[in-house]
Structures are given as structure tokens and as C-alpha cells.
Amino acid sequence: MTLGKRKDHVYSCLRCGFCFDLPAEGNRRICPPYITHGFESYGARGKLVMARALLDGALELDASVAERLYACTECGACEAQCFKYLPLGAIYRAMKMDVVEQGFLPTPLGGVAEAIGTYGNPYGKSVEARHAWLPGNHRLGGKAKVLLFVGCTPSYLRRGIARSAYRVLEALGTDFSILDEEGCCGHPLLSMGLVSGARAAAQSTFEAVERAGAEVVVTPCPGCLRTFREEMPQLLNRVLPFETVHLAEYLASELEHHRVRFRRKSSVVTYHDPCNLGRGLGVYDAPRRAVTAVPSVRLIEMSRAGEASFCCGHGGFVRAVHLDVAKESAADRWAEAIDTKAECVLSACPACNTAFLEARAATGSQVEVLDIAEFLAGVV
Ligand code: SF4
Ligand code: SF4
């Protein structure tokens, strides 16, 4: 039982409840599946009660326990608020590994894992279609100091983000290449608890980047970035010989070194912190620095921003099994964005971008929704 390794942490829970209700903010709820389903077993405290019962042999792991675990968007809000600083994400992952081992992975997620194994992407799209968005093939498979790691979602579903990231790097005069054999980095597999599959994906990605001779990997996807920065070194038990940055960080650094100047764009924007980028990797300032460096742009923060940001509901592949959680959370966050009266809602993640596009469509709003790459590609 992998959960056994987290026993001390599980038993340290005080059952105080700060991980789903914030008393200082009028008991404001922070956990998407708990908000949607209303049962404690969907939130952190309830999951730790389940974990303790599993460890004590008072509960058997079954499909209903798995159903609770895979309703989690992995937003990290509970861990950020935990009164005991417990590594909640690591505890949930250990529980998921046990779920996988005992054969209770929800069927739709099994299909996602199979698609990654067969096609190298979670959507079951053909390998050949991956680079169909590229304006030309001259950067494909070459060697360069900088590598643009596009990610599966920008490559297949949010191609405006892929094109914009490409355009930004070209406009900066960056010497960059793109892997012709790019495939899933392993992030979705790890999030499901499929560790050996995630390790295999991380290994082949690592080898491809090494072959490309890249010193810096730039990506517009926080999930891929988290894989490179945190998960790949752990899975492969090695220090990576290259740096990895989000496109927003790359731009913020170029600004700092006076290597880029943006054109004027009169706009009032708000920025949503993607959970993997913000709470996950602590990247809060770089996207804001990049956006506010555009002359005449005004940034208005949402009522919850930075570490207190609320999830868009689209992390952890939740929409494959709990579309209700994904939609309700996206609608709640969209309402917070609209409250700012901004003309444009920005994020720095293809999953958040999808969430906001769908939430906007559901309300018939005219407010613009853009990824930070798309916004900055228009002014670089
Ligand atoms: S905040 Fe931490 S210690 Fe308190 S109930 Fe939640 S998990 Fe347990
Ligand atoms: S990570 Fe987010 S969705 Fe998952 S239990 Fe914690 S607060 Fe809820």
C-alpha cells in the first residue's frame, strides 16, 4: 500500500477544516469538488478521514473511494491553507497509486491513458496532426539553444496558443527549435497515479530534449512546466541539464534585460493564476510583469488572486469524469473575472483558457478570453 508511506502525515490531520472553508473570509469555500458535491469526502479533510480508515483497515478501497479521489482538480488550495502544512497533494497521489494497483481507475481515465500510450497525446489524435498548426517545418527537429515545448493541448486543441508562442519567440529573434517527436510529457499519467507510464513518457521526453541540444526549454503549458521542473527530476532521479521556463517567465526575463519592447494596446485586463503555475510552482509575478509592460494596459486583480486564487475547474483531467465539477468551478471563476469589469480575461494555461471560453459561451458574454501568449503575440 503506497499510502502506508504517508501514514504519519495522514495521522497528523487536526480535522480543523481550513482546507475547504476559510473562516476568515466568511467560510468561503475553496475546494471545487466539495462545492459541487457538498460532501466532505470530496474535500481534503474527508479524504484524509478516508485515508486513515484505509490505513486502519476500517474501509476497503473501492470504486466509490476512487470516484472521490478523481473529482479533485489538483488545484492545491487545500494544501496552501492546511493548518498543519501537510503534503496533501502527495497523499492524494499515493491514494491514487493504490487505486490503480487495485484496478479502480475510472474507465474514462483508462481511455485517456491508452490514448497517450498509442498516440502520445491524451486526446487520441494522430501523431501526424500534432504539428499541423506550424507555419513551416524549418524549426522542426533542428538543434537550437532554445526549445519550444508546445504541449499536447496547444498542439491539438488550443492551436492559437501554439501559434502565438511561436510568433512571440520569432518576434524576439530567438534561435529556437521544436521537437519533431514531441509527445505527452507524462503529467496526466502522474496525475492519475500511473507512475510507470509517467516515468516512460518523462524518459522519452528527456531524451528527445537532450538530442535537440537545448539549454532552455520554453513552454506555454504550466502542466508541462511542472513536469520538467518537479516531476521529471523525481521520476528519473536526476538533475536536468537544461533550464525550463514558462513563456511568460521567458518574456519577463527578456523585458528585464531590455531585449523587448511592446507596442501600445489600450486594454483593461484581469489575470487568472493557473493552479500549476501559481500555487504549484510559485510563478505569480512574471505573467503580471509581462502584461503590465504593455503600454496602456491596466491590470485589475480578481477578488481572489495569487496564492488565494480559485481554480477554473479544469485541472487533473477532472472534466473526463466530473464534468459538473469542471463546469461549476469555471462558472464561479468566470463570475469573479466579470466582477472586475475587465475587457479581457487572461490566463497562462491552455486548460484555463478552455474553461473560460466555455464559461463565456455559456453566459453569452462579449468579454474577450485570451491566453497570455495570444495577448502578447499581438503587441510584440
Ligand atoms: S487544514 Fe490540514 S490539518 Fe486541518 S483538516 Fe485540513 S488537512 Fe487536516
Ligand atoms: S487540490 Fe483542490 S480540488 Fe483537490 S481536494 Fe484540494 S482544494 Fe479540493
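How do the residues of the shell around ligand 1 divide into nonpolar, polar and charged?

## Ligand 1

The residues of this shell divide into 11 nonpolar, 1 polar and 3 charged. In this classification Ala, Val, Leu, Ile, Met, Phe, Trp, Tyr, Cys and Pro are nonpolar, Asp, Glu, Lys and Arg are charged, and the others, Gly among them, are polar. Of the 15 residues around ligand 1, those that come nearest are Cys13, Cys16, Cys19, Arg45 and Cys82. A residue is near a molecule if its C-beta atom, placed from the backbone, lies within 6 Å of it. Helix H3 (residues 44–56) provides the largest share of the shell around ligand 1, namely 3 residues. Helices (H or I, at least four residues) and strands (E, at least two) are DSSP runs, numbered from the N terminus.

## Basis of the model

The model is predicted: local features need pLDDT of at least 70 and side-chain atom pairs count only at pLDDT 80 or more, whereas totals for chains, interfaces and linings use all residues. Residues are numbered from 1 along each chain as its sequence is written, while chains are lettered from A and ligands numbered from 1 in the order in which they are written.

## Ligand 2

Ligand 2 is surrounded by 13 residues, of which Cys31, Cys72, Cys75, Ala77 and Cys78 are the closest. Helix H2 (32–37) and helix H5 (77–81) each contribute at least two residues to the shell around ligand 2. The residues of this shell comprise 9 nonpolar, 3 polar and 1 charged.

## Domains

The domain assignment gives domain 1 (2–101), domain 2 (107–253) and domain 3 (261–377); such bounds come from an automatic or database assignment. The C-alpha centres of domain 1 and domain 2 are 30 Å apart. Their contact takes 7 residues from domain 1 and 6 residues from domain 2, where contact requires C-beta atoms, placed from the backbone, within 7 Å. On the side of domain 1 that touches domain 2, the residues divide into 4 nonpolar, no polar and 3 charged.

## Helices H11 and H12

The axes of helix H11 (residues 195–212) and helix H12 (residues 222–236) come within 9 Å and cross at roughly 110°. Axes are lines fitted to C-alpha atoms, for helices over the stretch in contact, with angles from 0 to 180 degrees between N-to-C directions. H11 is therefore roughly perpendicular to H12, a term that covers angles of 65 to 115 degrees.

In H11, Ala198, Arg199, Ala202, Gln203 and Phe206 meet Thr227, Glu231, Met232, Leu235 and Leu236 of H12. The residues of this contact divide into 6 nonpolar, 2 polar and 2 charged.

## Helix H13

Helix H13 (residues 247–256) has the buried residues Leu247, Ala248, Glu249, Tyr250, Leu251 and Ala252. A residue is buried if 20 or more other C-beta atoms lie within 10 Å of its own, exposed if 12 or fewer, and partly exposed in between, with C-beta atoms placed from the backbone. The buried residues of H13 pack against helix H9 (159–171), strand E5 (216–219), strand E6 (243–246), helix H15 (285–292) and helix H18 (372–377).

## Loop residues

Most residues other than glycine have a negative phi. Asn237, which is not a glycine, has a positive phi of about 55° and is found in the loop between H12 and E6. Asn237 counts as exposed because it has 7 C-beta neighbours inside 10 Å.

His258 also has a positive phi, near 55°, and lies in the loop between H13 and strand E7 (267–271). His258 counts as exposed, with 7 C-beta neighbours inside 10 Å.

Gln366 lies in the loop between helix H17 (350–363) and strand E10 (368–371). Gln366 is exposed because 7 other C-beta atoms lie within 10 Å.

Terms used: Contact = placed C-beta atoms within 7 Å. Parallel < 35°, antiparallel > 145°, perpendicular 65-115°, else oblique.
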